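The sequence and structure come first.

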Amino acid sequence: FSNITSRHYKDYYLKSVMKLGEVVYKYCEKLTEVQQNSSYRMLQGIISLGKKHGQERLEQACRRADFYGNYSYMCIKNILTKNITTDMRDLEKPGDVQTSDTFKADLRQYDLFLSMQ
């Protein structure tokens, strides 16, 4: 086991993430670039979230987090826990974030707040 590096863990978990869809895989690839030291633990957590919440909701959460450039397990967990994946229209038109029927405020500030916790 002494030859196993964190890169091996990342590769192993990225292969597992492939089963959760292309959106999740691409998000997790970026996450490993941004969160180099602890990304394999985050990948583990994202895989668990996929089992708990389902592939479709996980994809929506990853799409939302990627849109705002937020690459962390906690961001995905908060999006899923707070059920912020139900209305993705504000992601289709970045200029219309403030006028979304569901969300009356610019969510980028909320996402930044979540990433700092």
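What pattern does the chain follow, read along the sequence? The pattern is α-α-α-α-α-α-α.

## Basis of the model

The model is predicted: local features need a pLDDT of at least 70 and side-chain atom pairs count only at pLDDT 80 or more, while totals for chains, interfaces and linings use all residues. Residues are numbered from 1 along each chain as its sequence is written, and side-chain values use heavy atoms, with hydrogens and water left out.

The predictor's confidence in each residue is given as pLDDT, from 0 to 100. The chain has an average pLDDT of 77, and 66% of the residues score at least 70. Over residues 95-104 the pLDDT stays under 50. For that stretch the model has 18 contacts beyond four places in sequence, a contact being heavy atoms within 4.5 Å.

## Overall fold

The chain contains seven helices and zero strands. Both are DSSP runs numbered from the N terminus: helices are H or I with at least four residues, strands are E with at least two.

Of the 117 residues in the chain, 41% are buried. Buried means under 20% relative accessible area, exposed means over 50%, and partly exposed lies in between (1.4 Å probe, protein chains only). Among contacts between residues at least 6 apart in sequence, 58% join residues at least 24 apart.

Axes are lines fitted to C-alpha atoms, for helices over the stretch in contact, and angles run from 0 to 180 degrees between N-to-C directions. Angles under 35 degrees count as roughly parallel, over 145 as roughly antiparallel, 65 to 115 as roughly perpendicular and the rest as oblique. A crossing is left-handed if the near helix is turned anticlockwise from the far one by less than a right angle, and right-handed if clockwise.

The axes of helix 2 and helix 3 (residues 39-53) come within 9 Å and cross at roughly 155°. Helix 2 is therefore roughly antiparallel to helix 3. Their crossing is right-handed. On the helix 2 side, V24, Y27, C28, L31 and T32 meet S39, M42, L43 and I46 of helix 3.

With helix 4, the axis of helix 2 comes within 8 Å, at a crossing angle of roughly 40°. These two helices are therefore oblique to each other, and helix 2 passes helix 4 in a left-handed crossing. The contact involves E22, V23, V24, Y27 and K30 of helix 2, together with L58, E59, C62, R63, A65 and D66 of helix 4.

## Helix 4 and its partners

Helix 4 also packs against helix 5, at an angle of about 125° and with the axes 9 Å apart. That makes helix 4 oblique to helix 5, and the crossing is right-handed. From helix 4, R57, L58, A61, C62, R64 and A65 meet C75, I76, I79 and L80 in helix 5.

E59 is in helix 4 (residues 55-67). Leaving aside its neighbours within four places in sequence, E59 is in contact with L20, G21, E22, V23 and V24. The C-alpha atoms of E59 and V24 are 5.5 Å apart in space, although the two residues are 35 apart in sequence.

## Cysteines

How many disulfides does the structure hold? It holds zero, a disulfide being a pair of cysteine sulfur atoms within 2.5 Å. For C28, the nearest cysteine sulfur is that of C62, 5.5 Å away. The nearest cysteine sulfur to C62 is in turn that of C28. C28 is buried at a relative accessible area of 0%, and C62 is buried at 1%.

## Other residues

L14, in helix 1, is buried at 8% relative accessibility. Its C-alpha atom is separated by 8.4 Å from that of Y40, 26 residues apart along the chain. K19 is found in the loop between helix 1 (6-17) and helix 2 (22-34), and is exposed with a relative accessible area of 69%. K19 and Q55 are 36 residues apart in sequence and 9.2 Å apart in space, C-alpha to C-alpha.

N83 lies in the loop between helix 5 (73-81) and helix 6 (89-92). Most residues other than glycine have a negative phi. N83 is not a glycine, yet has a positive phi of about 55°. N83 counts as partly exposed, at 37% relative accessibility.
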